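Dear colleague,

Please find below the structure I promised to pass on to you. My notes on what was found in it follow directly after.

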Amino acid sequence: MSGILSASTPRRGLHGAARWIKHVITSSPSRFAIVVFAALILLFTGLLSLPISSASGTITPLSDALFTAVSTICVTGLTTVDMATHWSPFGNVVIFIGVNIGGMGALTLASLLGLVISKRLGLRAKLIAAGDTNPMRAHGGPVNESQTVRLGEVGQLLTTVALSTLVIEGTVAVLLYPTLIWAGIDPIAALWEAPYYAAMSFTNTGFTPNAGGVSIFADDYLVLILLMTSVFLGSIGFPVIYTLAKHVWHVKRWSLHSKLTLITTILLFFLGAAVFLVLEYNNPRTFGSMDATETTMNALFLSAMTRSGGFSVIDIADLNGSSMLAATMLMFVGGGSASTAGGIKVTTLAVLAIAVWSEARGRQSVEAFGRRIPSDVQRVALSVVAWGATIVALSTIVIAQITKAPIVDVLFDVISAFGTVGLSSGLTETLPDSATYVMAATIFMGRVGTVTLAAAIAATSRSQLYSLPVERPIVG
């Protein structure tokens, strides 16, 4: 009897542990997202570690393979190796597939596969998919249908994600091919580089397949404009693309989210370019040696890429310290929610700015475009900014302590990692393994952290049947 008990006890323990793990993973889409992203990173780390993935036919060190996998799945663009020479054709294909998976979103891809296989989406699958399009919905409780994308429209949104990715990347690749040839790229090489650049721009990753990167196209404005357009379309977010596809000529039908995203994105784009023009016009290493047309185009390009694009025509290390600080602000904000861009998101900035303006004018509620923004959205926006700033601060302190590098360079690369931008002062390539792992963790938290944080808040909220006495602490 004792032998039977002793044999069955471990089995019951294993079954209990399995049930607990399953409950933790499936209890909310936010936790499921973390597990899926982590699994994909491990898978792509293994693939990139294979000898066939490197151009030299040797095993890539674990720190480099892991960092590249994180940067690929989290569509960041930072790298510790030379992307143009280190990887073999097989490795480049793995990276190409990885950025498209990461760009669409792990939960969106899983839902798409489920839709293809089963031809329908159940409630749980819709909630999981909705978690990629709106973190406030990533919970299993009652769902407020006054959202950007309603549950009944999730299937249509998933179709929009797949079609927009294919159509936009395909169109950009077709348009880029002749322009790359005109720029001097070999026609055979351009067959690969055109779709590669299309994918890296739409997913806001920023990897480049050629030596010299985008800097060799500094005078080819058509290439730069195509890349900026692709980055913009990827950064506004799939819900906005879905809204534009449905109501492109009916602005009054656009959701508040779409209006805030587009207006804030365009404002930051031109404001950022103006700031770079002012700060760099007399810098001989950057804009000081250019004419007016070149300066304007490069300022616009730099402004677009600091929002999460990651391509760079000029050497970031040549920027003035003031310009690097301005760039970190743009990188911290990032792009639109449920997009291929990172950062705290433009709608977070917009909500907080509107809340500050409403408070300054003494208004009782926060309103925009004839709609009231509820307090729970404002609290989530504050939480996202607070946690983002905390992650950046801790990572900067740790990496600065490890490397003893100038704090400006460390802060720039850390915010670039958190915002999944991909621009670098040159520090990331020289990091020791310990700092590389810290930077990889920063990338991971930047890609899934702000989204899953808001989802965790919603998932852990509980109804409260009583109210405590009110007391107002002194603020400010």
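Leu50 is partly exposed, because its relative accessible area of 37% falls between the limits for buried (under 20%) and exposed (over 50%), as judged with a 1.4 Å probe and protein chains only. This residue sits in the loop between helix H2 (29–49) and helix H3 (62–73); helices here are DSSP runs of H or I with at least four residues, numbered from the N terminus. Together with Ile52 and Phe90, Leu50 forms a nonpolar surface patch with about 260 Å² of accessible area. Accessible areas come from the Shrake-Rupley method with a 1.4 Å probe.

Please note that this is a predicted model, in which local features need pLDDT of at least 70 and side-chain atom pairs count only at pLDDT 80 or more, while totals for chains, interfaces and linings use all residues. Residues are numbered from 1 along each chain as its sequence is written, and side-chain values use heavy atoms, without hydrogens and water.

Most residues other than glycine have a negative phi. Lys345, however, has a positive phi of about 90°, and Lys404 has a positive phi near 60°. Lys345 is in the loop between helix H13 (321–333) and helix H14 (346–360) and is buried, at 9% relative accessibility. Lys404 belongs to the loop between helix H15 (375–403) and helix H16 (407–418) and is exposed, with a relative accessible area of 59%.

The search of the whole structure found 1 cavity of 30 Å³ or more; a cavity is a set of points on a 1 Å grid over the protein atoms alone where a 1.4 Å probe fits but cannot get out, and its lining residues have an atom within 4 Å of a point. The largest cavity has a volume of about 50 Å³, a volume being the space filled by probe spheres set on the points, which are joined across faces, edges and corners. Its lining consists of Asn298, Phe301, Leu302, Phe311, Ser312, Val313 and Ile314.

Yours sincerely

Methods:
Patches are made of residues with over 30% relative accessible area and no salt bridge: like charges are joined within 9 Å, nonpolar side chains (Val, Leu, Ile, Met, Phe, Trp, Tyr) within 5 Å. A salt bridge is a side-chain nitrogen of Lys or Arg within 4 Å of a carboxyl oxygen of Asp or Glu. Helices (H or I, at least four residues) and strands (E, at least two) are DSSP runs, numbered from the N terminus. On a 1 Å grid over the protein atoms alone, a cavity is a set of points where a 1.4 Å probe fits but cannot get out, and a pocket is an open set with protein on both sides within 12 Å along at least five of seven lines; lining residues have an atom within 4 Å of a point.
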